[in-house]
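Please open the structure in your viewer, with the sequence alongside, and follow the stops below in order.

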Amino acid sequence: MKSIKPGRGPSKYGFVISILVAVFGLFWCIMAGIGGAWFMIPFGLIFIGVAIYQAKYQYHNATSENRYSIFDIVDSDVESDPLDKKINHKEESYTRSNLSGTTASFCPYCGKQIETDFDFCPKCGHKLPD
């Protein structure tokens, strides 16, 4: 099965940006406290909380072997998807019925609708499962 994963470069960039957003949230809280706008401090705390969550997520995707799925298409035999274990994901069928009642097949690699007698996908060229 294919999964979609973020590249390591964009994840490292996202990690750095998340740290900068956390610093901005800290600056926001300090300036709101100095300026007497105490009601604005929760917004800075929200910035900090979201930034910490994003930094943790981006750091995991930049450094770990098994990343969370988002952008790059990767074979599961090359790199498994850790979210599959969490949600007990099973291999899904790539056929479905359309409104006219006939069965349409879809390429498991690119999603193009194909005829059921094709051996290879006409769009991406992968060998289709039997």
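Helices, as the word is used on this tour, are DSSP runs of H or I with at least four residues, and they are numbered from the N terminus. Keep in mind throughout that the model is a predicted one.

**The whole chain**

Begin with the chain in a cartoon view, where its secondary structure amounts to three helices and five strands, and where the order of the elements, followed from the N terminus, reads β-α-α-β-α-β-β-β. Of the 130 residues in the chain, 27% are buried, while the accessible surface comes to about 9100 Å², with carbon and sulfur atoms contributing 64% of that area. If you display contacts between residues at least 6 apart in sequence, 47% of them join residues at least 24 apart.

**Colour by confidence**

Next, colour the chain by pLDDT, for which the mean is 76, with 65% of the residues at 70 or more. Then select residues 89-100, where the pLDDT is below 50, although this stretch has 17 contacts in the model beyond its near neighbours in sequence.

**Helix α1 and the nonpolar patch**

Now select helix α1, which spans residues 8-35 and supplies eleven residues, the largest share, to a nonpolar patch.

**The cysteine pair**

How many disulfides does a search of the whole structure find? The search finds zero. A disulfide is a covalent bond between the sulfur atoms of two cysteines. In this model the sulfur of Cys107 has its closest cysteine sulfur in Cys124, at 3.7 Å, which is too far for a bond, because a disulfide is counted only where the two sulfur atoms lie within 2.5 Å. Starting from Cys124 leads back to Cys107 as the closest cysteine sulfur, again at 3.7 Å.

With the pair still selected, compare how the two residues are covered: Cys107 is buried, at 2% relative accessibility, whereas Cys124 is partly exposed, with a relative accessible area of 32%.

Key: Residues numbered from 1 in each chain as written. Predicted model: local features only at pLDDT ≥ 70, side-chain atom pairs only at ≥ 80, totals over all residues. Heavy atoms only, no water. pLDDT = per-residue confidence, 0-100. Contact = heavy atoms within 4.5 Å. Helix = DSSP H or I, 4+ residues; strand = E, 2+ residues; numbered from the N terminus. Buried < 20%, exposed > 50% of the residue type's maximum accessible area, 1.4 Å probe, protein only. Areas by Shrake-Rupley, 256 points an atom, 1.4 Å probe, with all protein chains shown as cover.
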